[in-house]
Amino acid sequence: MTSFLSHGQKLSNPYNLPPPYDTVKNGHRQYLRDVVDIVAKYEWIYSFKVVDFFSLRIWERLPADWRQPLLDISYEGLKYIPQGKTEATWPNSLQNFITQSAALAMPRTQIQNIEEAKIQDDIRVGMTPKKCHEVATMAPFIAKLCKDHGCETVIDIGAGLGYLGQVLSSAYKMKVVGLESNSHRSESATARNVKVVASRNCISSSRNSARSLDINNVTLQIKDDVDNHLQLTKLIDDLTFNHSIRNQNIDCQTTKDHKNDRYSGCKQSDNISCTIDENITIPICLVGLHCCGDLTPNVLNYFDKSCPCSGLLICVGCCYHGMATTLQKQDSTEVSRFSNFPMSGYLQQVFSQASKKFPDWRIDTFAMRLAAQETRTRWEAMSVAQHELHTKNVVYRSIVNEALGEACQTNQGRTRIKVFPMMTFENYSKTYLNHLKVTGEDYDTCLHNCLRKYKEHEWAIPYVEAITALQVLMQPLLESIVAMDRCLYLNEHNIDSQIVSLFKENVSPRNLAVIGLKII
C-alpha cells in the first residue's frame, strides 16, 4: 500500500500530478496555472444548462473550422477524444486543444497494493456494489494509516447509515463515532448496529465469540462557525481524554469554567475540562466518504483551525456544485461566487491573474457540476445504444424546454420525463404535455410547437455527443482544481497533505482523496 510519510518528510508527488509536472520543482504551481488558463479560455464548452442546449444554440460557440470535423466523428471516435486522440485532418487549433487538455488530466488509476476488506454478509445488507467497493477499499486504507500514526478513534463525517464505521469496528477493532446531520439516518445507523450485534449473538455458540461494535452515532452538522467547532472539539476531547484515561488508569479531575487555550476564540460557556497534560491525548482520525458540497471544506477548516489534537484527515469530496454561493461585488455589478472556494491563497492568486486575461470568466456552478460528473473512463465504456439514449435525453428535454418555455416549470421544479430507448420525440412531447395537464386547443398548439422546433434543430442533433465529448475532456481538469485547492490549503497551514486516487475510477468516479497529517 502506498504509504503516507511522516511529518516533515517530502513526498515525491503529493499533488498526484501528471508528467512532466510531477518531476519539476514547484510543478504544482505551473500545473495549476496551465489548467486554469485552459478551462478559462474554453469556458463556453461547459457554461450552460443542458436544457438550454438548443435555445442557446450551443454549437455556434464552436470555432467555425471545428464544426464539420466534430459532426463527422462517429460515436466510436468520440469516445477517444478525452484520451487525447486526434485526426491529422482536423484543424490545428482543435488538435492542440484536445492533446493539451488530455495531458493535463490528473492520474486517476487506483493506488497499488490495497487489499480490500472482506465485508461480512450481515454488514453488506443494503449496500450497492459501488458502496461495497468504496467501503472495502477505504476501511483498510484508514486502518493502515491509523496504525502508522497511532490513531485509535475514527470520526466518520457524514456517516449516513454507518457502513464504513461498521467495517472499521468489526474488521479492524477500531473505535468509531459516526457524525450525521440527519437524525433519522443516525437513528437508522444505530438500529443497523443493534441488528448486527443481535444477529451475531443469536448465531454465536459462546457468549464471548460475538463482540459489540464499538460505534457511537451522533447527530451533529459540521459548519464553519465557532459554536459548531466548539461542539465538535468537546466531542473529540471526550474521546481522546477518556480513551487515554481508561487505557492508562489516570484520574480525571473536572473543573467548572476552566479556561483552556484550545477554546480561544470560542464563545464562553460552562465547560468541563480535564486537568491532564495534553501530551497524553491520542491522535484522532477524521474521515469522510463522499462529503457533499460544503461539508469537505468545513471539515478542512475545522481540522486546521480548531482540532485540539494531532490527527489524520482522509476525505473524499463530491457534489462540488452544491457548495454555497454568495453575491460579491465585482466592479459595478454583483456576481455569485462560492463561499468556500478557492480555499488556498495560491489558487486565489492564480484566479486573480486569470481574471485579467479572461475578465468575464469565473468558476461557477456550471463548472463545478461538470467537475462532479462522469469521468472519461465511463465515457469510453459507453455503448452505441447508451450514446443514442443520452442524445435522446438531451435533445428531447432541451427542445421541449425551448418550445414550451415557462410551461416547463412546475411548482415542484423542472418537469422530468423518463426517456426510453424506443421512445419517439412526439411520444415524449405528448407525455410531457399530459404531465403538465395541458388540454384542448392549448395541447394542440403546444404539441405543434414542439414538433416544429424538433424539425428546426434536427440537423444539429449530432452536436450533442460531440460537445459532450469536449466536456468529458474538461471534467478532470476542473476536478483537479478543486482537489489541489484543498490540498494546498492544508499545506499552506503547515499540515502535510497529499492527493491519492483511492477507488477504481470506473466503479466510483469521485475517487480523489485528500489526506492530511496534523502534528501538535
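A contact means that heavy atoms lie within 4.5 Å. The model used in these exercises is predicted.

**Exercise 1. Describe the chain as a whole.**

Solution. 
Step 1: Count the elements. The protein chain has 17 helices and 13 strands.
Step 2: Check burial. Buried means under 20% relative accessible area. Of the 520 residues in the protein chain, 52% are buried.
Step 3: Turn to the contacts. Take those in the protein chain with a separation of 6 or more; 74% of them join residues 24 or more positions apart.

**Exercise 2. Work out how β8 and β9 are arranged.**

Solution. 
Step 1: Locate the strands. β8 covers residues 325–330, and β9 covers residues 333–338.
Step 2: Find the sense of pairing. The two strands pair in the antiparallel sense, over six bridges.
Step 3: Pick out one facing pair. T325 stands opposite F338 in β9.
Step 4: Inspect the turn. Two residues sit between the strands of this hairpin, and D331 takes a positive phi near 60°.

**Exercise 3. Characterise the largest pocket.**

Solution. 
Step 1: State the volume. The largest pocket has about 1000 Å³.
Step 2: Find the centre. The lining has 31 residues, and V50, Q373, H390, T468 and Q471 are the closest to the centre.
Step 3: Name the elements. Those that give two or more residues to the lining are α12 (365–371), α13 (376–381), α14 (384–404) and α17 (463–492).
Step 4: Sort the lining by class. It holds 16 nonpolar, eight polar and seven charged residues.

Terms used:
Residues are numbered from 1 along each chain as its sequence is written. This is a predicted model: local features need pLDDT of at least 70, side-chain atom pairs count only at pLDDT 80 or more; totals for chains, interfaces and linings use all residues. Side-chain values use heavy atoms; hydrogens and water are left out. On a 1 Å grid over the protein atoms alone, a cavity is a set of points where a 1.4 Å probe fits but cannot get out, and a pocket is an open set with protein on both sides within 12 Å along at least five of seven lines; lining residues have an atom within 4 Å of a point. Grid points are joined across faces, edges and corners, and a volume is the space filled by probe spheres set on the points. Helices (H or I, at least four residues) and strands (E, at least two) are DSSP runs, numbered from the N terminus. Ala, Val, Leu, Ile, Met, Phe, Trp, Tyr, Cys and Pro count as nonpolar, Asp, Glu, Lys and Arg as charged, and the others, Gly among them, as polar. Two strands pair if DSSP finds at least two bridges between them. Buried means under 20% relative accessible area, exposed over 50%, partly exposed in between (1.4 Å probe, protein chains only).
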